[in-house]
Amino acid sequence: MRVWIDVSNSPQVPFFRPLIALLRERGHDVRVTTREYAQTTELLALHGIEHEIVGPRHGGAGTAGKVRAMGGRVRALRRYARGRGFDIALSHASHELPVVARSLGIPSSYAFDYEFARVQHGFGCRAARRVVVPDVIPQDRLDRLGARAAKVRRYPGLKEEYYLHGFKPDRGVLAALGVAGMHVLVVVRTPPDVSLYHRDGNPLFGDVLERLGRDPAVRAVVLPRTAEQRTEIVGRELASVLLPEHAVDAQSLVALSDLVVSAGGTMNREAVALGVPVYTTFAGRLGAVDTSLVADGRLRVLTSAEDLRVEKRAAPGTSTERDPAALLDLLLTALET
């Protein structure tokens, strides 16, 4: 079977890494397309995933730019996929792929775990044959996106628990960053400033940077999403902040850290899956997944930088028991009529 996977953003790389390996173990031919955005191509290279860059870069923060970029990428993906004989197309929040796949008669699965990115998911859910989501997202929210119950397949837990199955952190990531054992290691992920669902900014995040960056007992590894964010952070001249020059093994970094503070969702949930204390500074509307994590105390909502509990942990985070093969099998139900 010929399988087409589109990876359009950094968090999709760890999601698909074990699934690509499983597909190839089963004898399938897997092709991966991507775009130049954030650390996506660097992470694909870091994990040894062959890929082809197709279409324009991300369209930026504005709606007009996103629309132009989407149109250009849809056309480029159609040119790429036409005549290649793909049997199925898979994506996680890469909404252009189901649109293109449907136009070419290729069955597709569209996965996501944050239901309030309504514009993107409206395209993906309506075009895909199968929609794969966590079981905590209410069906009425999916209905509004065009994902009727008949096309939805659900999985228990977090997607991060599946791709972190059997995970063992690489301590070499700390040596590469020059992090010493006596410091409190905090991993910090910046806000998704270019996302449509994050329009109002995140003033709390700057306070967090100042709080951690001026504490001599801390080493705060900050993972910016864009060059503009990197420039702004460098300009703050914070002695305890470390900014990696290239994409890093973020899952190992999270597992070995003492604390995670993230304005986005994926790194929050990686920390939860690995048993690492985590705060979210997300200023938008929490989805059903994160709401459930807050309710059971595994994710803490930060309202003031002074509320951070910055302390050493006794042991690194541990791997999870979810089987990624179960997630892959749900995606492959797109082959069913």
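Leaving aside neighbours within four places in sequence, which residues is Ile-5 in contact with? Contact here means heavy atoms within 4.5 Å. By that count, Ile-5 is in contact with Phe-16, Ile-20, Leu-23, Val-30, Arg-31, Val-32, Thr-33, Leu-90 and Leu-97.

Before we go on, note that this is a predicted model, where local features need pLDDT of at least 70, side-chain atom pairs count only at pLDDT 80 or more, and totals for chains, interfaces and linings use all residues. Residues are numbered from 1 along each chain as its sequence is written, and side-chain values use heavy atoms, with hydrogens and water left out.

Ile-5 also belongs to the largest nonpolar core, which has 58 residues; Ile-5 and Leu-253 have the most contacts inside it. Such a core is a set of buried Ala, Val, Leu, Ile, Met, Phe, Trp, Tyr and Cys residues joined through side-chain atoms within 4.5 Å, and buried means under 20% relative accessible area (1.4 Å probe, protein chains only).

Now let us visit Asp-113. Its relative accessibility is 8%, so Asp-113 counts as buried. Its side chain makes the polar contacts below, each a pair of N or O atoms within 3.5 Å; within protein, one must be able to donate a hydrogen and the other to accept it, and residues adjacent in sequence count only if both atoms are side-chain atoms.

| Side chain | Partner side chain | Polar contact |
|---|---|---|
| Asp-113 | Lys-159 | 2.7 Å |
| Asp-113 | Arg-269 | 3.1 Å |

Not counting residues up to four places away in sequence, Asp-113 touches others too, including His-92, Pro-134, Tyr-155 and Val-289.

Terms used:
Buried means under 20% relative accessible area, exposed over 50%, partly exposed in between (1.4 Å probe, protein chains only).
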